[in-house]
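Open the model in your viewer and keep the sequence panel beside it. The tour moves from stop to stop, with a selection at each one.

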Amino acid sequence: MSTPRHRPPLAEQVEELLATDGPLPIVAAGDPVLRRPAEPFDGQLDPALLARFVAALRRTMHAAPGVGLAAPQVGVALRIAVVEDPAPVPEEVRRARGRTPQPFRVLVNPGYEPVGEARAAFFEGCLSVPGWQAVVARPARVRLTGSDEHGRAVDEVFSGWPARIVQHETDHLDGVLYVDRAEPRSLSSNQAVAERWNQPTPEEAARALGFDLPKRVPSPK
Ligand code: ZN
């Protein structure tokens, strides 16, 4: 099939996506939309359409289920993402990973920069790379800037699991998938993670699969 020469304007594309009320289809790795930097949001969707689109992203994230979803993952090349993590994990896991609950929020035109030197490495997965997980070492704390869906400025420091989520989602808007940053030897099927690597930290996996973890940096209390 030939590639259409003209892509529909974004608003038209989003209207078409929202023609049904269900979760939106999620685009899988291999689609170029996941590899292009998304367009900064600058009113391409009017406020009502933006609100409907955000609601659809949230619905899709819940249905998956996932803790974040970026617009390119439903084929829309705009710098918009949603995150929400009720963090239903055992206390031991919560402490090791800093997985504190993250309320629903919308990231519009987000960017991040590391705060400090500490890095944290954990298994991570992506709705666009179904069936697999891998260990990604990321800055443990980041400063996120951008705005929310109402155009209000955001400038906030994230740590723990929420820092990982906002980095993962912002990376999507730059055409970056977590596998680009992952330790290749850690690649594990969801089943292997469930059966073998569900410890709070990936230390056993690192020993058994043969990959390095960043040196422990004492976390500020
Ligand atoms: Zn993802």
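Select glycine 146 to begin: is this residue buried, partly exposed or exposed? Glycine 146 is partly exposed, at 26% relative accessible area. (Buried means under 20% relative accessible area, exposed over 50%, and partly exposed in between, with a 1.4 Å probe and protein chains only.)

Before going on, note that this is a predicted model: local features need pLDDT of at least 70, side-chain atom pairs count only at pLDDT 80 or more, and totals for chains, interfaces and linings use all residues. Residues are numbered from 1 along each chain as its sequence is written, and side-chain values use heavy atoms, with hydrogens and water left out.

**Around glycine 146**

Glycine 146 lies in strand S6. (Helices, H or I of at least four residues, and strands, E of at least two, are DSSP runs numbered from the N terminus.) Show its contacts, meaning heavy atoms within 4.5 Å. Not counting residues up to four places away in sequence, glycine 146 touches Val108, Asn109, Pro110, Arg152, Ala153 and Val154. Now pick leucine 173 and draw a C-alpha to C-alpha distance. Glycine 146 and leucine 173 are 13 Å apart in space and 27 residues apart in sequence.

Step to aspartate 148, in the loop between S6 and S7. Aspartate 148 is buried, with a relative accessible area of 13%. Its contacts are Val106, Val108 and Val154, again leaving out residues up to four places away in sequence.

**The sheet**

Color the strands next. An open sheet of 5 strands runs in the order S1-S2-S3-S6-S7, with antiparallel pairing. (Two strands pair if DSSP finds at least two bridges between them.) Strand S1 (68-70) and strand S7 (153-159) are the edges, each pairing on one side only. On average, neighbouring strands are turned by 40° against each other, direction ignored. (Axes are lines fitted to C-alpha atoms, for helices over the stretch in contact, and angles run from 0 to 180 degrees between N-to-C directions.)

Zoom in on S2 (residues 80-85) and S3 (residues 102-114). These two pair in the antiparallel sense over 5 bridges. Aspartate 85 stands opposite glutamine 102 in S3.

Histidine 168 and histidine 172 both lie in H4, 4 residues apart, about one turn of the helix. Histidine 168 counts as buried because its relative accessibility is 7%. Histidine 172 is buried too, at 1%.

Select glutamine 73, in the loop between S1 and S2. Glutamine 73 is buried, with a relative accessible area of 1%. Its contacts include Cys126, Glu169 and His172.

**The cores**

Move to helix H1 (residues 10-17). Its buried residues are Leu10, Gln13, Val14 and Leu17. Seen down the axis of H1, they fall within an arc of 95°, so they line one face of the helix. (The arc is that of the directions from the helix axis to the C-beta atoms.) These buried residues pack against H2.

Show the largest nonpolar core, which has 23 residues. (Such a core is a set of buried Ala, Val, Leu, Ile, Met, Phe, Trp, Tyr and Cys residues joined through side-chain atoms within 4.5 Å.) Leu45, Phe53, Val74, Val76 and Ile80 touch the most other members. H2 gives the largest share, 7 residues.

**Last stop: S4 and S5**

Strand S4 (residues 119-125) is joined to S5 by 7 bridges, and the two run antiparallel. Alanine 121 has alanine 137 in S5 as its bridge partner. In S5 (residues 132-139), 6 of the 8 residues are buried, so the strand is largely enclosed by the rest of the structure.
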